[in-house]
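These are my notebook entries on one protein chain. I record what I looked up, entry by entry.

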Amino acid sequence: MRLDRFLAETTDLTRGLAKKALQRGEVRVNGELVKQAATQVDEASRVTWHDEPLVLVGRRYLMLHKPPGVECTARRGLYLRAIDLIDLPKAERLQPVGRLDVDTTGLVLLTDDGQWSHRVTAPRRRCGKVYRVSLAEPLAGEALEQAARCFAEGLLLEGDTKPTRPAELIMREPRVAELTLFEGRYHQVKRMFAVVGNHVVALHRESVGPLALADLPEGAWRALSAEEIAAF
Ligand code: URA
């Protein structure tokens with residue numbers, strides 16, 4: 001890659017500032033002072049800025065236990081963003097893989113690998129996302145049977161043109177459901193329960209495909225293992 005891009009990838013410099021750093025003679029490649037932004041470098045090149053070695057970071061894949069009051073968005077707004085909880089250089093390059101609402105807690109995957117993200121979210125890959133849903137009203141008997149059937153067959157949500165994909169509903173307690181979705185639509189869980197006359201009072205995502213939060217504390221994150229990355 002070009003040297004100015006390498007600098008932008010490995011430091012906080014923008015491409016423009018990287019070019020200026022080059023012109024000021026702050027950068028060496030394999031010990032030689034280099035000023036040309038177009039100079040080609042690769043992983044084998046020893047690049048230093050102010051004599052500090054720079055190393056290209058590969059693709060990154062993380063899981064975060066999202067607390068409430070945190071947004072899965074790139075733009076700064078009213079709330080803290082998921083990436084603000086990731087204490088890594090260039091965390092803003094990471095993107096949430098599917099979004100959780102600001103009040104929803106639980107598992108959020110983050111990556112800078114768009115293709116991997118697509119593999120996790122593409123509905124035809126049938127990657128199940130398991131939600132623990134706290135309901136305003138108990139769900140049992142005929143109402144439960146009807147809701148489970150409705151969710152399993154798919155239902156048309158207001159404003160959508162296609163019915164939801166089959167989803168699996170299990171009751172853990174009279175007011176606590178476990179819902180597995182194989183797609184991700186805007187406010188989907190809340191809208192689905194609204195259709196069957198209930199109301200979601202709290203929502204938590206426990207797992208995405210084979211990846212579960214396990215004992216990762218709320219607000220904490222960890223890198224995925226090579227095996228976990230390869231699972232999608
Ligand atoms: N469904 C919702 O309604 N909200 C979420 O955050 C995730 C799924």
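Entry 1, helix H3. I began with the outward side: the face of H3 turned away from its buried side carries Gly114 and Gln115, which are exposed. I take buried as under 20% relative accessible area, exposed as over 50% and partly exposed as in between, with a 1.4 Å probe and protein chains only. Helices (H or I, at least four residues) and strands (E, at least two) are DSSP runs numbered from the N terminus. I then noted that H3 covers residues 114-121 and that Trp116, Ser117 and Val120 are buried in it. Viewed down the axis of H3, the buried residues fall within an arc of 100°, so they line one face of the helix; the arc is that of the directions from the helix axis to the C-beta atoms. For the cover over these buried residues I listed strands S5 (61-66), S9, S10 (129-135) and S13 (200-208), and helix H6 (226-230), among what is included. Contact means heavy atoms within 4.5 Å.

I am reading a predicted model, in which local features need pLDDT of at least 70 and side-chain atom pairs count only at pLDDT 80 or more, while totals for chains, interfaces and linings use all residues. Residues are numbered from 1 along each chain as its sequence is written, and side-chain values use heavy atoms, with hydrogens and water left out.

I located serine 207 in strand S13. With 12% relative accessibility, serine 207 counts as buried. Setting aside neighbours within four places in sequence, I found serine 207 in contact with Leu107, Gly128, Lys129, Val130 and Ala212.

I placed leucine 100 in the loop between strand S8 (95-96) and strand S9 (105-111). Leucine 100 counts as buried because its relative accessibility is 6%. Not counting residues up to four places away in sequence, leucine 100 touches Lys66, Cys72, Thr105, Gly106, Leu107, Val108, Tyr131 and Arg205. I also looked up proline 68, 32 residues from leucine 100 along the chain; their C-alpha atoms are separated by 9.8 Å.

I counted six helices and 15 strands in the protein chain. Of its 232 residues, 42% count as buried. The C-alpha trace spans about 75 × 35 × 30 Å along its principal axes. Among contacts between residues at least 6 apart in sequence, 63% join residues at least 24 apart.
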